[in-house]
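Let's sit down with this one and work out how to read it, feature by feature.

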Amino acid sequence: MRASSVVLLPHAPSSVAVARKRLSSELAASGVYESVVDDASVIVSELISNALRHARPLPSGQVRVCWLCRGDVLELEVSDGGAMTEPRRGPGTLSSLGGRGLGIVEALSEGWGVRHEDGATTVWAVLRTPRSNGGEDAVSPAHSDAVVPDLADFPDLMDEPDEGFYNGTRNEVAPSRAYPA
């Protein structure tokens, strides 16, 4: 089982998919639950996308992506050459075109933060990674800390939307709730 990786990638949009694929395959091979692999992939995608959009590359012209599994904790890091502003969670309103990335990272992780060192800015996130290998240390989803809400607590959930819910056109597709790839 590979416990950690450090990957240097070009400061280019194609790096998002490369990092996501490598992270996913290594975590899956180490027995991490698929749902955790998916969350980690989204987090890495958001962190790299933010580095590409808002920051300079490292002096080498690259971004550095690192992950480290220790016990049931996964640490994810993306380092870049920094920017004029500090990475922070944006408002991410429904009408905004962006600003949701660090909010997504915050929602999926146990915590995240920013470090400045040696001319680099590193944004990190930590999440729990129970294993599905069936060993003594494995945590099954039924015994995890996840809480499934009782849908009876949300009576409006099953109501039909208003006529004008989709801008007045009945054939319009509802907006997706899926995270961007």
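## Reading the helix pair and the sheet

A: Before you start asking, remember this is a predicted model.

Q: How do helix 2 and helix 3 pack, and at what angle?

A: Two packed helices are described by the angle between their axes and the distance between those axes. Here, helix 2 (residues 34-54) and helix 3 (residues 101-108) pack at about 150°, with axes 9 Å apart. Angles over 145 count as roughly antiparallel, so helix 2 and helix 3 are roughly antiparallel to each other. Their crossing is left-handed.

Q: What is the order of the five strands in the sheet?

A: Strands of a sheet pair through backbone hydrogen bonds, either parallel or antiparallel. In this open sheet the five strands run in the order 1-2-3-5-4, with antiparallel pairing. Strand 1 (4-10) and strand 4 (111-117) are the edges, each pairing on one side only. Strand 4 is joined to strand 5 (residues 120-128) by seven bridges, and G113 sits opposite W124 in strand 5. Helix 2 packs on this sheet, touching strand 2 (62-70), strand 3 (73-80) and strand 5.

Q: Where does pLDDT stay under 50?

A: Where pLDDT is low, the predicted coordinates should not be read in detail. In this chain, pLDDT stays under 50 over residues 134-149 and over residues 154-181. The chain average is 74, and 62% of the residues score at least 70.

Methods:
Residues numbered from 1 in each chain as written. Predicted model: local features only at pLDDT ≥ 70, side-chain atom pairs only at ≥ 80, totals over all residues. Heavy atoms only, no water. Axes fitted to C-alpha atoms, helices over the stretch in contact; angles between N-to-C directions. Helix = DSSP H or I, 4+ residues; strand = E, 2+ residues; numbered from the N terminus. Parallel < 35°, antiparallel > 145°, perpendicular 65-115°, else oblique. Left-handed = near helix turned anticlockwise from the far one by under 90°. pLDDT = per-residue confidence, 0-100. Contact = heavy atoms within 4.5 Å. Pairing = 2+ DSSP bridges.
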